[in-house]
Amino acid sequence: MRSSYNNSVAVSVAGSNVRHKKKLVNVIKPYLFLAPITIFTIMFSYYPFIKTFIFSLSKVNVAGEITKFVGLDNYIDIWKRPDFINAIKVSLKFAAMFVPLAVICPLLLALIANRAKFMTKFYQTCFALPMAVSMSATCLIFKQLLHRRVGLLNYLLEKLGVYENVTAIDWLGSAKWALPALVLIMIWTGIGFNFMLLLAAVRNVPTELLESASLEGASYWQKVRKIVIPVISPTLFFVLCTQMVKGLTMSGPVMILTDGGPLGATTTMIYYVYSAGFKSTNYALGSTASVCAFLIAFVFLLFNFKYEKRGVNYD
Amino acid sequence: MKTVNEKARQRKKFQYYFTSILSVILGLIIIFPLFYAICSGFKDNINFDNYPPRILPETFRNLSNFIYVVTKTLIPRYMLNSFVIALSATLVRLIFSTLAAYSFAFFNFKGKNVLFFIIVGTMMIPSEALLISNYLTVSKLGLLNTYAGIVCVYFVSASQVFMFRQSFKTISGALRDAAYIDGCGDLLFYIKICIPVSRPVITALGLSSFINVWNTYLWPLLVTNKEEMRTVQVGITMLSNADSNAKGHVFAGIGIILIPMIILFAISQRNMVRGISSGAVKG
């Protein structure tokens with residue numbers, strides 16, 4: 001229907017030369033509208049993506065020039081590196097702790113907020129406000145809150161009697177607790193956005209469904225399990241996927257707070273890429289590591305999408 | 001004697017108060033770190049080493065930390081940098097993605113689906129995997145330590161293209177045909193009709209993009225090494241690393257960089273909720 005106009009104009013314009021020009025303009029116009037974004041997409045997404053891949057198959061000098069093609073040697077080498085294997089393990093461990101919490105916490109908040117009826121504006125703003133706070137500010141705030149000696153968290157735990165027989169935990173300085181502390185920080189930063197998404201989804205659950213279920217004597221949790229969760233499953237799935245990628249590619253708080261330490265306990269895959277590429281200027285190693293990180297995240301996503309067919313309904 | 005019905009009603013009333021109070025308490029817990037940070041800006045540097053730790057400062061009238069940060073550190077310059085970067089990235093992003101969305105919404109042309117897939121496909125590539133190559137590109141172009149070098153990677157936003165396409169599709173093709181016959185070209189139609197009609201979407205996406213770019217850390221850290229080109233996010237961590245005893249200054253700095261974002265957020269919250277829910281509910 002829209003193209004009909006183009007033809008009619010072309011016919012009505014007198015003179016074949018003009019007609020030709022007009023037609024040409026009409027043909028290239030859509031591409032002109034798309035040109036700026038396409039150029040930048042190729043330049044800063046696809047070109048670097050391919051380049052990273054080629055780097056991972058080559059020897060690269062400090063200036064970022066390829067000196068030799070080495071095939072899969074870099075990949076064979078990197079799998080022999082205990083520090084990279086450690087980085088994969090750390091990332092998986094982080095994701096295993098982070099993803100369930102990052103989905104369940106905002107979901108619970110959304111369910112509670114959907115039921116509560118007064119001061120809604122106040123607590124919704126509270127739940128959503130972390131969205132506006134940057135990663136670096138968050139990290140610096142938590143650095144103080146989690147301080148071993150004068151941090152409020154340890155003070156609270158001490159007052160609750162947790163530390164009666166044990167010494168206070170050095171949250172960011174001990175190999176055992178640094179990763180859980182980073183999980184806490186990442187949950188806090190992500191909670192606002194996911195909460196808003198899930199709240200919008202929960203509010204869209206048809207009330208007739210819930211009412212008829214209550215008439216038949218369904219309890220609240222039954223309703224949540226049998227009605228709310230299936231209805232909001234597309235949004236839940238979206239949150240799950242984004243949080244999974246976020247968990248597997250986490251690096252910001254590591255850089256700001258722990259520098260991968262103590263003893264590599266928080267060296268995630270992307271932090272490894274950063275330290276290999278920019279601290280040791282080993283671009284080939286860094287590129288190989290980032291391709292591996294990408295593939296690992298991708299495999300997990302594929303796994304998700306496979307499950308999606310069974311668990312998510314888009315009706 | 002109370003009937004069953006009345007009991008049920010009372011229980012419902014109780015639940016309703018209970019969840020409301022619970023929500024308020026949870027909200028306060030979540031917001032606590034922010035409250036703590038703002039309060040800490042008013043404390044003296046020594047205050048942070050005292051045990052037991054205190055939440056509230058002795059007085060809110062002690063502005064010396066804020067004055068120090070504004071006059072003695074580069075934080076104002078960092079804020080200017082971040083502002084320029086976030087604003088220019090957001091504007092260019094909006095222009096690029098509305099233009100692209102216009103093309104996808106109103107034209108039929110060869111390769112439309114392929115191009116759409118290429119642009120939306122960037123959502124699958126995590127930006128972290130591109131750091132090294134993008135760094136090399138920017139340094140080869142001689143853009144290290146420039147605004148252009150920092151913002152150039154933010155120009156493409158696939159999700160914006162997606163949302164604007166949805167929004168433009170609500171404008172009927174008949175309207176566009178009518179405009180055509182009146183001699184209104186595509187560019188004019190885009191400027192005079194599409195942009196004003198999608199104003200709510202533009203504000204929502206624009207504000208959230210501004211906040212996102214303002215908050216980025218890693219990329220600006222990589223492509224700048226000159227003091228005066230740092231962004232606030234990088235600058236504030238540098239301030240904290242440079243003098244670990246000056247925590248009062250750090251928290252004052254955090255307060256200063258947080259307040260604009262919180263204000264922006266308060267203004268845009270309603271808009272953003274609408275933007276988020278309209279785009280994502282369908283999964």
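## The interface between the chains

In this predicted model, 81 residues of chain A are in contact with 80 residues of chain B. On the chain A side, helix H2 (residues 16-55) gives the largest share, with 15 residues. Sorted by class, the side of chain A that touches chain B has 55 nonpolar, 20 polar and 6 charged residues.

For the complex, the predictor reports an ipTM of 0.83 and a pTM of 0.84.

## Domains of the two chains

Chain A is divided into two parts: domain 1 covers residues 2-55 and domain 2 covers 81-311. The C-alpha centres of these two domains of chain A are 42 Å apart.

Chain B is assigned a domain 1 at residues 4-40 and a domain 2 at residues 64-280. Here the C-alpha centres of the two domains lie 35 Å apart.

## Helices H4 and H8 of chain A

Helix H4 of chain A spans residues 82-115, and helix H8 of chain A spans residues 178-203. The two pack at an angle of about 40°, and their axes are 7 Å apart. The crossing of H4(A) past H8(A) is right-handed. In the contact of H4(A) with H8(A) there are 24 nonpolar, 3 polar and 2 charged residues.

## Helices H6 and H8 of chain A

H8(A) also packs with helix H6 of chain A, which runs over residues 135-145. The angle between H6(A) and H8(A) is about 135°, with the axes 10 Å apart. Angles over 145 degrees would count as roughly antiparallel; H6(A) and H8(A) are therefore oblique to each other. H6(A) passes H8(A) in a right-handed crossing.

Which residues meet where H6(A) packs with H8(A)? From H6(A) come A:Met135, A:Thr138, A:Cys139 and A:Phe142, and from H8(A) come A:Ile185, A:Trp188 and A:Thr189. By class, this contact of H6(A) with H8(A) has 5 nonpolar and 2 polar residues, and no charged ones.

## Confidence in chain B

The average pLDDT of chain B is 85, and 94% of the residues score at least 70. Over residues 279-283 of chain B, the pLDDT is below 50. In the model, this stretch has 14 contacts beyond near neighbours in sequence. Where pLDDT is low, predicted coordinates should not be read in detail.

Methods: Residues numbered from 1 in each chain as written. Chains lettered and ligands numbered in written order. Predicted model: local features only at pLDDT ≥ 70, side-chain atom pairs only at ≥ 80, totals over all residues. Domains from an automatic or database assignment. Contact = placed C-beta atoms within 7 Å. Helix = DSSP H or I, 4+ residues; strand = E, 2+ residues; numbered from the N terminus. Nonpolar A, V, L, I, M, F, W, Y, C, P; charged D, E, K, R; others polar. Axes fitted to C-alpha atoms, helices over the stretch in contact; angles between N-to-C directions. Left-handed = near helix turned anticlockwise from the far one by under 90°. pLDDT = per-residue confidence, 0-100. Parallel < 35°, antiparallel > 145°, perpendicular 65-115°, else oblique.
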